Amino acid sequence: MLEFHKKKPKNPSKTEPEKRIKDFQEIYSQFDRNDSVEQSSRCSQCGIPFCQIHCPLNNNIPDWLRYIAENRLEEAYQISSSTNVFPEVCGRVCPQDRLCEGNCVVEQAGFGAITIGNLEKYLTEIAWEKGWVKKIEINSSSKQKVAIIGSGPAGMAASSYLIQNGYEVDVFEKNDRVGGLMIYGIPNFKLDKSIVERRTEWLKESGVNFHINKEIGKDLSFQDLEKNYDAILVATGVYKARELDIDTSNINNSLPALDFLIESNRVGLGDTPSSNKYLNAKGKHIVVIGGGDTAMDCVRTAIRQKAKEVTCLYRRNKENMPGSAREVLNAEQEGVKFNWLSVPSKLISSNSQASSLSYKVATLGEADESGRRKPVDTGVEKQIKSDLIIQALGFEPENLNSHFNTNLELTSWNTIKVDFKRFQTSNPKVFAAGDIVRGASLVVWAIHDGREVAKSIHQFLKTNQIKKAS
Ligand code: SF4
Ligand code: SF4
């Protein structure tokens, strides 16, 4: 260990931009044995590991890095998977530059971060290859039943911990595949669908019952769940697109980001392409509005669909983008243009079809309540040709109470109000976790919430059982 001053940081190779834009395959290769030993041995085994503190799952990173360096891979995997139920997903999609790696002391000291994400991915892929990822062992048995609404990362993670504690677990998914945004939102070049499907199979083999095409409030009532289950977890995520300040309701070629990404992912999974020609970027001038990871997923998808030109419009500058710097760099390498400090002002359209978008050029003013400097109009206005405008401005919760015919207490942002220690809602047998509680966030936070809410449901059901017996 402590080799950071002798060995340079290294990530696995990345497919060259000219090659990788020809398909949707993952762009990063994987460490081999030698590289994994070399890279993990750079860790200085900090007494206070800032990598761990800034990992939402509080993964015991120094310990599993040491085991990788000592070639004790099975033990390393046991430690890594004890806090993270989907480490191969996090290794691929976490913005490590803002979390574990960005806070690594070796990075802070100027030697370059320990490449934690890629080591986590390497370790877990080896674990699958060697058969160390075993069916979940059930600790005890219970006759109690838990219903989970939503099969995204929070619902999937919670199901694994609940099944382990012996509960019967039914997961209801309104779509035709399990995985939520991991299947329909994140593109293949970041997270291949087979990775998610492999975990779905693992959960099924371990005893989780998935019910696809079952929308609560439509195919099955929430009240039926209340009658038939001992606890309910709402893990629906947030899907409603945040809207632009300008009216685009009558414009056919202006779409929410998720419509575009879902179509691309569906086609990649072998579904018949939609007849809506605006759901494909081929041959078009594409303008994506937004600066987060969803915007980066859209621009990079449009490039792979052979768009004529792809431009990202963002109202602040590059340093203030909310998305991962790694993803912005990947997009730049793939040929995406960025118009920083650009605030959309109006659409130039006729017959419900926009031909270009006007935007105001901004400069940065005082910091707002988020601590980031606000864009201020400079009085200069420009136009950009746009055959398709994709809005990636973030997501908001849908009105779940009206959909479920329930009366759960909500926050002023319309997310479900919970006691954050227990993830319990205003209805004691109903729990909520993931984006529907915290607002649109990272996959790793959803996995965290799934883990924590499962503990809380277990506690609640155990106590209830004791009460019933007495
Ligand atoms: Fe880093 Fe994410 Fe893995 Fe935590 S889960 S160690 S933040 S890659
Ligand atoms: Fe190792 Fe960096 Fe974590 Fe310290 S902060 S334990 S050097 S990975």
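Biologist: Which residues form a nonpolar patch on the surface?
Modeller: Ile48, Phe50 and Ile53 do, with about 300 Å² of accessible area together. Patches take residues with over 30% relative accessible area and no salt bridge; like charges are joined within 9 Å, nonpolar side chains (Val, Leu, Ile, Met, Phe, Trp, Tyr) within 5 Å. Areas come from the Shrake-Rupley method with a 1.4 Å probe, and for residues only the protein chains shown count as cover.

Biologist: What kind of model is this, before I go on?
Modeller: This is a predicted model, where local features need pLDDT of at least 70 and side-chain atom pairs count only at pLDDT 80 or more, while totals for chains, interfaces and linings use all residues. Residues are numbered from 1 along each chain as its sequence is written, chains are lettered from A and ligands numbered from 1 in the order in which they are written, and side-chain values use heavy atoms, with hydrogens and water left out.

Biologist: OK, back to Ile48. Where is Ile48 found, and is Ile48 buried or exposed?
Modeller: Ile48 is in the loop between helix 2 (33-40) and helix 3 (50-53). Helices (H or I, at least four residues) and strands (E, at least two) are DSSP runs, numbered from the N terminus. Ile48 is exposed, at a relative accessible area of 56%. Buried means under 20%, exposed over 50%, and partly exposed in between (1.4 Å probe, protein chains only).

Biologist: New topic: which residues are around ligand 2?
Modeller: Among them are Cys43, Cys46, Cys51 and Cys104, along with Pro62, Leu65 and Ile114. Being around the ligand takes a heavy atom within 4 Å of it. Helix 4 (61-69) and helix 7 (105-108) are the elements that give two or more residues to that shell.

Biologist: And how many salt bridges does the structure hold?
Modeller: There are 32, each being a side-chain nitrogen of Lys or Arg within 4 Å of a carboxyl oxygen of Asp or Glu. Side chains of opposite charge can pair when their charged atoms come close.

Biologist: What does Arg20 pair with?
Modeller: Arg20 meets Glu334 in a salt bridge at 2.6 Å, N to O. Arg20 lies in helix 1 (residues 17-20) and Glu334 in the loop between helix 15 (325-333) and strand 9 (337-339), so the pair ties together parts that are 314 residues apart in sequence.

Biologist: Is Arg20 buried or exposed? And Glu334, buried or exposed?
Modeller: Arg20 is buried, with a relative accessible area of 2%. Glu334 counts as buried at 4%.

Biologist: Which residues are linked with them in a network?
Modeller: Arg300, Arg304, Arg326 and Glu327 are linked with Arg20 and Glu334 in a network of salt bridges.

Biologist: What about Glu309 and Lys337?
Modeller: Their side chains meet in a salt bridge at 2.5 Å, N to O. Glu309 is in strand 8 (residues 309-313) and Lys337 in strand 9, so far 28 residues apart, and the pair links distant parts of the chain. Glu309 is partly exposed at 27% relative accessible area, and Lys337 is partly exposed at 43%.

Biologist: Last one: where is Asn58, and how far apart in space are Asn58 and Asn84?
Modeller: Asn58 is in the loop between helix 3 and helix 4, partly exposed at 39% relative accessible area. Asn58 and Asn84 are 26 residues apart in sequence and 8.9 Å apart in space, C-alpha to C-alpha.
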